[in-house]
Amino acid sequence: MRHLDSERMQSSEPDGFEAGRPGDGAAGSGREPPRSMLEWTKEEMEQWCVASGFPPFHGPQILRWIHERLVTSFGEMTDLPTALRERLEGEEIISTGDVIREERAADSTRKLLIRYVDGQSVECVLIPEASRITACISTQVGCAVRCVFCASGLEGVKRNLTAGEIVEQVLALKRKLGPKEKITNLVFMGMGEPLHNVSNLLRSIEILRAPWGANLGARRITVSTSGPPGRIPRLTEAGVPVHLAVSLHAPYDDLRRKLIPGKTSPVADLIAESKEFFRKTGRRVTFEVALIDGLNCERDHARSMGKRLKGFPCLVNLIPMNPVEGVALRPPSTSAVLAYRKELESHGVEVAIRMRKGDKIAAACGQLRMRTDVARQGGG
Ligand code: SF4
């Protein structure tokens, strides 16, 4: 069982992964996971066709088979010449992982566990709500940030996902939809710190935004981050007008360090970086506050948070924490959550309370993977 004890508070900073260069998808694993066609753009697909002696118009055909018709083998691409299919089968791969477990909650939330060819696995979740269907996907195997309320960081980080492995989760979730359903929103809130894997994150967003890909507008994509030093400015520089959600959790650095042991920017810097993101992209920033009973939901915390954010046109999401197996922390009472909201609102800050979805299927990030790994090892 995990406790927020003194040993934990003094734990040394976990390693993050330097990202931002080609090939960083395998950081930490000791071996490069295979690259699949899922991370190819239309231009790259056309160039490959030409270099392989085929007309470029086959490029968009291949993309349609992969991203629209959701096939997993070249043999199914029946309108391609046989010679091209054979060439593809001999040289390239589409998929690098398999869905090895699926769970469905009473509220229709679905969670998939995908295992990649090197044996590492991640989770992705489909969350239907009123008129939208949100896909929540992972960017790393495990997480170096090790937030105290999260199962993903319990064992640290194993490696970054490639852009193809990130895209693969969306395709796996699309295969679970009915004929008239479609993913309307995408959140990078699964396993991992997305900004520890920036280049593969940005590459996957490029693919998922493309008309031939998932065709998701940047405004429907949310990147959630704990704010590793220098990484929000990097996202700002990239100029992709995604929605930015910053996990703040506490108004003071000392308390925040206890909740988020990984290396992140001080609260004042995070707010300044968020303001710059807003100034450059015009996208309103959301601050996430996971509320944990007895730790960060006193009136004083809410008052300090309100003072820090006063005057900045942001949104604060209050999220009573998901109970997590192996973590001895609990969500606060409803009255404590409402009191926190009232205090923030008295400073003119807009607030939403986010309800948990899929509790019964271990929808807090990392739980399904953890449970499956334990079962595989014969531990339960
Ligand atoms: S909440 Fe996010 S950043 Fe924190 S440990 Fe979990 S996956 Fe990592």
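Two strands count as paired here if DSSP finds at least two bridges between them. Helices (H or I, at least four residues) and strands (E, at least two) are DSSP runs, numbered from the N terminus. Before we put those terms to work: this is a predicted model, in which local features need pLDDT of at least 70 and side-chain atom pairs count only at pLDDT 80 or more, while totals for chains, interfaces and linings use all residues. Residue numbers start from 1 along each chain as its sequence is written.

Let's start in the sheet, at strand 7 (185-188). Strand 4 and strand 7 run parallel and are joined by three bridges, with Thr-134 standing opposite Asn-185. Strand 7 also pairs with strand 8 (residues 221-225), again in the parallel sense and over three bridges; there, Thr-222 is the bridge partner of Val-187. As background, strands of a sheet pair through backbone hydrogen bonds, either parallel or antiparallel. In a regular strand the side chains alternate between the two faces of the sheet. Strand 7 has Leu-186 and Phe-188 on a covered face, and Asn-185 and Val-187 on an uncovered one.

Now zoom out. The open sheet is made of 10 strands in the order 1-2-3-4-7-8-9-10-11-12, with mixed pairing. Strand 1 (97-104) and strand 12 (350-353) stand at the edges with a single partner strand each, so one side of each has no neighbour in the sheet. On average, neighbouring strands are turned by 20° against each other, direction ignored. Helix 5 (residues 163-174) packs on this sheet, touching strands 1, 2, 3, 4 and 7, and its direction makes about 140° with that of strand 2. (Contact means C-beta atoms, placed from the backbone, within 7 Å; axes are lines fitted to C-alpha atoms, for helices over the stretch in contact, and angles run from 0 to 180 degrees between N-to-C directions.) Over at strand 12, strand 11 pairs with it in the parallel sense over four bridges, and Asn-317 stands opposite Ala-352.

Helix 10 (residues 299-309) is worth a look too, with His-301, Ala-302, Met-305, Gly-306 and Leu-309 buried. Buried means 20 or more other C-beta atoms within 10 Å of the residue's own, exposed means 12 or fewer, and partly exposed is in between, with C-beta atoms placed from the backbone. Down the axis of helix 10, the buried residues fall within an arc of 135°, so they line one face; the arc is that of the directions from the helix axis to the C-beta atoms. An α-helix has 3.6 residues a turn, so residues three or four places apart point the same way. Arg-299, Asp-300 and Lys-307 are exposed on the other side of helix 10. The cover over its buried residues includes strand 10 (286-291), strand 11 (315-320) and helix 11 (334-345). After helix 10 comes Gly-311, with a positive phi near 90°.

Two residues other than glycine also have positive phi. Ser-108, with phi near 80°, lies in the loop between strand 1 and strand 2, and is partly exposed because it has 13 other C-beta atoms within 10 Å. Ala-130, at about 45°, sits in the loop between strand 3 and strand 4; it counts as exposed, with 5 C-beta neighbours inside 10 Å.

Last, the ligand: of the 12 residues around it, Cys-143, Val-145, Cys-147, Cys-150 and Gly-153 come nearest.

Methods. A residue is near a molecule or strand if its C-beta atom, placed from the backbone, lies within 6 Å of it. Two residues are in contact if their C-beta atoms, placed from the backbone, lie within 7 Å.
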